[in-house]
Amino acid sequence: MAQSTGPKKIKCAVFISGTGTNLKSLIQFSKKKNSPISINLIISDNSKAKGLKFGKIYKISNKVFNYKNKIIAEKKMISEIKNKNIKFICLAGFMKILSKKFIRNFDGKILNIHPSLLPKYKGLNTHQRAISNGEKYSGCTVHFVNSKLDSGKIILQKKIKISKRDTAKSLAKKILAQEHKLYPKAIRKVFNL
Ligand code: GRF
């Protein structure tokens with residue numbers, strides 16, 4: 001049976017490239033009665049993304065787009081999203097950079113979660129960079145996506161203390177657990193719910 005969306009929920013697509021733990025937490029959030037969103041599509045650039053299994057588990061359609069040709073991939077993605085009447089996009093560990101054209105199509109309707117306290121540590125390898133710089137704190141940020149990498153308006157952040165014993169791996173684990181709480185909170189904030 002297809003997921004019941006309820007009349008008022010805003011249809012969302014989640015984009016992933018990897019494990020999909022944020023996807024899982026967003027799906028669980030979307031199923032709450034008072035959640036503002038439903039998740040109706042999972043998009044990936046990677047057919048081996050482990051997170052695709054959540055599409056099967058929760059019966060949400062999965063689509064993989066081959067990024068060898070980014071222009072064609074994005075065209076297909078846009079038509080899939082529009083055909084499904086999807087109004088909102090959550091990037092959750094999506095490792096490709098969306099083109100300006102794609103972003104313009106969904107202006108103000110794309111969110112991303114990033115594992116640092118933006119504007120610090122944009123891009124990759126955030127945890128190691130924060131530790132190597134001797135930072136006392138790191139964290140995660142949910143922000144709107146604009147055409148500059150990790151630079152759109154910040155919606156919410158969660159600050160996490162870096163302990164002396166932290167490695168990039170242990171810090172990533174601590175932050176990821178907070179990401180799972182922060183993303184739903186940020187979505188509620190966007191929709192005032
Ligand atoms: C998260 O740390 C997220 O902040 C970053 O990529 C990671 C994705 O993890 N953008 P998962 O696939 O949701 O488990």
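This is a predicted model: local features need pLDDT of at least 70, side-chain atom pairs count only at pLDDT 80 or more; totals for chains, interfaces and linings use all residues.
Helices, in the sense used here, are DSSP runs of H or I with at least four residues, numbered from the N terminus.

The protein as a whole contains six helices and seven strands. Their order along the sequence is β-α-β-α-β-α-β-α-β-α-β-β-α. The radius of gyration is 16 Å, close to the 16 Å given by the globule rule for 193 residues, so the protein is as compact as a globular protein of that length. Along the principal axes, the C-alpha atoms occupy a box of roughly 50 × 40 × 30 Å.

Of the contacts with a separation of 6 or more, 64% are made between residues 24 or more positions apart. Buried residues account for 46% of the 193 residues. The accessible surface amounts to about 10,800 Å², and carbon and sulfur atoms contribute 55% of that surface. As for charge, there are 43 positive and 8 negative side chains, and the centres of these two sets are 6 Å apart.

Which residues does Lys82 contact, leaving aside its neighbours within four places in sequence? They are Asn105 and Phe106. With Asn105 there is also a polar contact between the side chains, at 2.7 Å.

Definitions and conventions. Residues are numbered from 1 along each chain as its sequence is written. Side-chain values use heavy atoms; hydrogens and water are left out. Helices (H or I, at least four residues) and strands (E, at least two) are DSSP runs, numbered from the N terminus. The radius of gyration is taken over C-alpha atoms; the globule rule is 2.2 Å times the number of residues to the power 0.38. Buried means under 20% relative accessible area, exposed over 50%, partly exposed in between (1.4 Å probe, protein chains only). Contact means heavy atoms within 4.5 Å. Accessible areas come from the Shrake-Rupley method with a 1.4 Å probe; for residues, only the protein chains shown count as cover. Lys and Arg count as positive and Asp and Glu as negative; His and the chain ends are not counted. The place of a charge is taken as NZ of Lys, CZ of Arg, CG of Asp or CD of Glu. A polar contact is a pair of N or O atoms within 3.5 Å; within protein, one must be able to donate a hydrogen and the other to accept it, and residues adjacent in sequence count only if both atoms are side-chain atoms.
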